[in-house]
Amino acid sequence: MTEETPGFAQEPDVPADADAQADDATAAAGSATEEEAADPAGRAGDGPDVKEADTDSAALSAQLDQTRTALHERTQDVQRLQAEFQNYRRRVERDRVSVKEVAVANLLTELLPVLDDIGRARDHGELVGGFKSVAESLEMVAAKMGLMQFGKEGEPFDPTVHEALMHSYAPDVTETTCVQILQPGYRIGERTIRPARVGVAEPQPGAQERDDEQTADEEDDGGPEEG
């Protein structure tokens with residue numbers, strides 16, 4: 001029979017592997033705590049913060065699309081205004097040139113009688129002395145402003161730039177021809193401000209037929225003889 005020591009309770013027997021199981025549980029709990037501390041976002045992955053972030057991202061994307069659309073519209077407006085401004089500038093420049101040409105043409109038209117007098121004085125040998133210098137200066141200024149004279153004897157008659165004041169027939173012409181310049185014509189660029197006033201001559205009636213017959217006879221005479 002075993003003797004018990006008074007004052008001490010006898011400890012129950014503990015299995016040898018109980019301490020090892022307690023240590024494993026403590027280590028697992030510590031590892032889980034460390035993982036949660038290291039990855040707090042992972043614990044909240046399915047929480048309301050993620051849904052709110054997705055909502056904000058969708059709102060920002062929609063706002064960005066609206067901004068891009070507005071920018072595209074404003075860019076088109078600017079391009080359209082720029083094109084309209086360029087057209088306006090070209091139209092103003094064209095009108096300015098047209099108004100200038102009309103003003104110059106009106107001024108030179110008023111000077112044409114003076115230029116005609118100068119031409120007649122030159123033809124009669126009266127363009128001498130100081131009058132000659134003034135006349136030549138006036139002609140030079142008119143030329144600088146774009147005034148050009150036209151109309152020469154012997155050129156074909158053109159009703160768009162010639163005004164026939166005299167008419168005759170001539171045997172030495174093959175078409176209607178200017179044979180006399182009564183008044184020279186004037187133009188500015190392609191614009192005629194006064195047609196040339198001329199006397200014209202046409203071929204003699206029947207002369208063309210006689211020429212054709214003569215040409216045919218010459219061809220017959222010069223042809224090969226029949227054997």
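Let's start with Arg-122, which has a relative accessibility of 37% and so counts as partly exposed. Keep in mind that this is a predicted model.

Which residue does Arg-122 pair with? The partner is Glu-139, and the two form a salt bridge whose closest N and O atoms are 3.0 Å apart. Arg-122 sits in helix 3 and Glu-139 in helix 4, so this pair ties together parts of the protein that are 17 residues apart in sequence. Glu-139 is partly exposed too, because its relative accessible area is 26%.

## Other salt bridges

Salt bridges that share partners also link up elsewhere: Glu-73, Arg-74, Asp-77 and Arg-80 are joined into one network. One of the pairs here is Arg-74 with Glu-73, whose side chains meet with an N to O distance of 3.8 Å. With a cut-off of 4 Å for a salt bridge, that pair still makes the count. Arg-74 has 45% relative accessibility, so it goes down as partly exposed, and Glu-73, at 38%, gets the partly exposed label as well.

Then there's Arg-96 with Glu-93, where the side chains come to 2.5 Å, N to O. These two residues lie in helix 3, 3 residues apart, or about one turn of the helix. Arg-96 is partly exposed at a relative accessible area of 47%, while Glu-93 is partly exposed at 39%. How many salt bridges does the protein have by this rule? The tally is 8.

## The overall layout

Stepping back, the protein has 227 residues, and 15% of them are buried. Its secondary structure consists of 5 helices and 6 strands. If you walk along the sequence, the order reads α-α-α-α-β-β-β-β-β-β-α.

## The largest pocket

How big is the largest pocket? Its volume is about 390 Å³. Lining this pocket are 19 residues, and the ones nearest its centre are Leu-115, Gly-119, Gln-149, Pro-184 and Tyr-186. Four elements each supply two or more lining residues: helix 3 (48-123), helix 4 (129-144), strand 1 (147-150) and strand 3 (177-183). Helix 3 is the top contributor, with 7 residues.

What kinds of residue make up that lining? Sorted by class, there are 10 nonpolar, 4 polar and 5 charged residues.

Val-92 belongs to helix 3. Is Val-92 buried, exposed or partly exposed? At a relative accessible area of 39%, Val-92 is partly exposed. A residue needs over 30% to be part of a patch, and no salt bridge, so Val-92 at 39% is past that accessibility cut-off.

## Two loop residues

Two loop positions are worth a look in the viewer. Gly-146 is in the loop between helix 4 and strand 1. With 24% relative accessibility, Gly-146 counts as partly exposed, because buried would call for under 20%. Follow the chain and Gly-146 is 43 residues away from Gly-189, yet their C-alpha atoms are separated by 6.8 Å.

Gln-204 is the other one, and you'll find it in the loop between strand 6 (196-203) and helix 5 (207-221). Its relative accessible area is 32%, so Gln-204 is partly exposed. Gln-204 and Glu-175 are 29 residues apart along the chain, and their C-alpha atoms are 9.9 Å apart.

Methods
Residues numbered from 1 in each chain as written. Predicted model: local features only at pLDDT ≥ 70, side-chain atom pairs only at ≥ 80, totals over all residues. Heavy atoms only, no water. 1 Å grid on protein atoms, 1.4 Å probe; cavity = no way out; pocket = protein on both sides within 12 Å on 5 of 7 lines; lining within 4 Å. Points joined across faces, edges and corners; volume = space filled by probe spheres on them. Nonpolar A, V, L, I, M, F, W, Y, C, P; charged D, E, K, R; others polar. Buried < 20%, exposed > 50% of the residue type's maximum accessible area, 1.4 Å probe, protein only.
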